[in-house]
Structures are given as structure tokens and as C-alpha cells.
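Thank you all for coming; please look at the model on the screen while I talk through a few of its parts.

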Amino acid sequence: MSFDREPVVAGQFYAGRQDQWLATVQSCMRGEKENEKTAKLAMVPHAGHVFSGGVAGQTLARAKLTDTVLLLGPNHTGMGAPMAVWPDGKWLLPGAAMDVDAELAAAILAAEPALTADRVAHLQEHSLEVILPFLWAKNPEMRIVPIAVGDPRPHKLGGAAAKIAEVLARLGREVSVVVSSDMNHFASDEKTRVIDRHALDRILALDPMGFYGKVREENISMCGVLPMTLGMHLANIQGAKKAELVAYATSADVNGDVSRVVGYAGIIIE
């Protein structure tokens with residue numbers, strides 16, 4: 001029996017009415033031209049739309065995405081399986097919904113034992129929900145495979161990426177990955193911009209293990225390091241050629257408080 005996911009942060013991280021959230025995300029996406037090449041991966045932040053919507057909107061407006069998207073996000077709650085796939089049904093938004101690609105989810109689950117059909121990891125997790133309004137605004141028919149990635153072991157992340165790549169090749173599917181992650185949390189604006197750049201440099205070099213190591217070594221509190229490591233491995237297996245930093249900001253750009261900020265980056269890998 002399929003099961004729909006209800007929104008849990010509507011009215012907090014983004015507006016609780018469709019006309020309001022749609023107006024916000026459309027204004028965040030306005031003026032950007034979609035790239036000609038299909039994105040293998042786009043990374044966007046998931047703070048409240050007032051804080052990180054500009055970076056997320058600019059990036060997703062520019063990213064040319066496939067009709068089905070693998071959504072990879074962190075597990076902030078610690079609930080559920082270490083690599084949790086929402087297997088079927090719909091993800092609901094106020095006034096809208098996005099269908100889960102149940103066929104692709106089932107194929108991935110069958111191929112990789114480290115991935116588990118698990119809804120518990122997603123029920124209270126905000127990181128993927130916050131970016132759905134942008135994806136819906138871009139393509140209301142888009143289907144998703146939501147995966148909460150909380151396994152910290154790099155070889156498990158690389159292994160899961162390899163299995164997912166095998167499934168996509170076997171099915172003859174081209175699928176974009178969208179990773180949801182904020183950058184460093186709660187250092188000063190000055191420090192955050194410096195250490196975030198160290199992590200972003202490894203992403204721009206298409207170096208997933210260097211990126212994973214740099215985040216650990218410098219204690220960069222980037223919540224989506226695990227999904228981004230998995231996503232970069234997958235992009236590389238699929239022949240990624242270049243990564244572009246579309247936008248970068250911190251919460252200080254919105255609220256003016258430079259003492260304690262969160263960093264936001266938008267990346268496209270083609």
C-alpha cells in the first residue's frame with residue numbers, strides 16, 4: 001500500500017499556501033536561463049526560503065533537470081534507516097504534490113542492500129521538502145526518488161553510488177541528482193566563507209573523497225556532506241566533466257548578523 005508524505009515545515013520554512021510559496025519561488029528563479037546541457041547533479045540549500053531561497057532558486061532555474069530526479073538529503077533527526085528510500089506514493093505540498101517514481105525506487109532498492117525502503121527517516125526531515133516547491137515550479141510533472149543519507153562510511157556511499165549507476169545503465173535511464181545541503185553552521189561570516197570555500201574547491205575539482213576528507217579535517221558543519229559525497233561519486237561514474245558554483249551567500253546577507261551565520265551554496269555538475 002502506497003503512503004503519501006504530508007508536509008511538516010509548510011508555514012515555517014516556506015509559506016503555507018500554494019499561491020504564496022509559488023510566488024516566492026518564482027521570484028527567486030526569475031531572470032535565469034536554463035543551461036543547455038543536462039545536469040548530472042545540482043546542490044542547493046534548504047534553509048527557510050527567506051534565507052536561502054535566492055541561492056536555491058537561481059541554481060535550480062539554471063539546472064536542466066531530467067523528468068525524474070534522485071533527491072538526496074541529510075538525516076537531521078537521526079530517525080530511521082541509515083540510507084532510507086521513500087518507495088512510492090506522493091510527497092504533498094500545500095495545494096500541490098509530486099509523485100515518487102516507484103519503479104526506479106524499487107529497482108534501486110533491489111540492487112543495493114545498504115538502501116532500505118524506510119519512511120521514518122523522512123517523516124520529520126525538512127531538507128528535501130524545502131526544495132520541492134522549486135522543483136514543482138520548474139516542472140509539476142517531475143517525479144522524485146527521495147533518499148535520506150545518514151551513513152557516515154565513505155565506502156558505503158561510494159558503493160551505493162556504483163549500484164545506483166548500474167541500475168540507471170540497465171534501465172537506460174538518465175536521471176539528475178538534486179542534493180540538499182547547507183554549508184557551515186554558526187561560525188562568524190568571515191570564518192564561514194573561508195572554510196566553505198575549502199569544501200567547495202574540492203567539489204569544483206570533482207573530488208568526492210577529497211571533499212569528504214576536507215569537511216572532516218576542518219570540522220566544517222555542512223549537514224549534507226554524506227548525500228553530496230554519494231551524489232558526486234554517482235556524477236563521476238556517469239562521466240561528469242565540470243562543476244560550477246552558481247551562487248554563494250550566508251544568512252548575514254539577509255539578517256545582517258555576521259557573528260553567527262549559515263553558509264548557502266548552489267552548485268551544478270554537468
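This is a predicted model: local features need pLDDT of at least 70, side-chain atom pairs count only at pLDDT 80 or more; totals for chains, interfaces and linings use all residues.

Residues are numbered from 1 along each chain as its sequence is written, and side-chain values use heavy atoms, with hydrogens and water left out.

Helices here are DSSP runs (H or I, at least four residues), as strands are (E, at least two), numbered from the N terminus. Helix H8, residues 208-217, packs with helix H9, residues 225-237, at an angle of about 165 degrees, their axes being 9 Å apart; axes are lines fitted to C-alpha atoms, for helices over the stretch in contact, and angles run from 0 to 180 degrees between N-to-C directions. That makes H8 roughly antiparallel to H9, a term for angles over 145 degrees.

Helix H2, residues 49-62, bends by about 25 degrees at valine 55, where the bend is the angle between axes fitted to the seven residues ending there and the seven starting there. Of the 14 residues in H2, 10 are buried, and buried means under 20% relative accessible area, exposed over 50%, partly exposed in between, with a 1.4 Å probe and protein chains only. Val55 is among the buried residues of H2.

Is glycine 95 buried or exposed? Glycine 95, in the loop between strands E4 and E5, counts as exposed because its relative accessibility is 61%.

Key
Angles under 35 degrees count as roughly parallel, over 145 as roughly antiparallel, 65 to 115 as roughly perpendicular and the rest as oblique.
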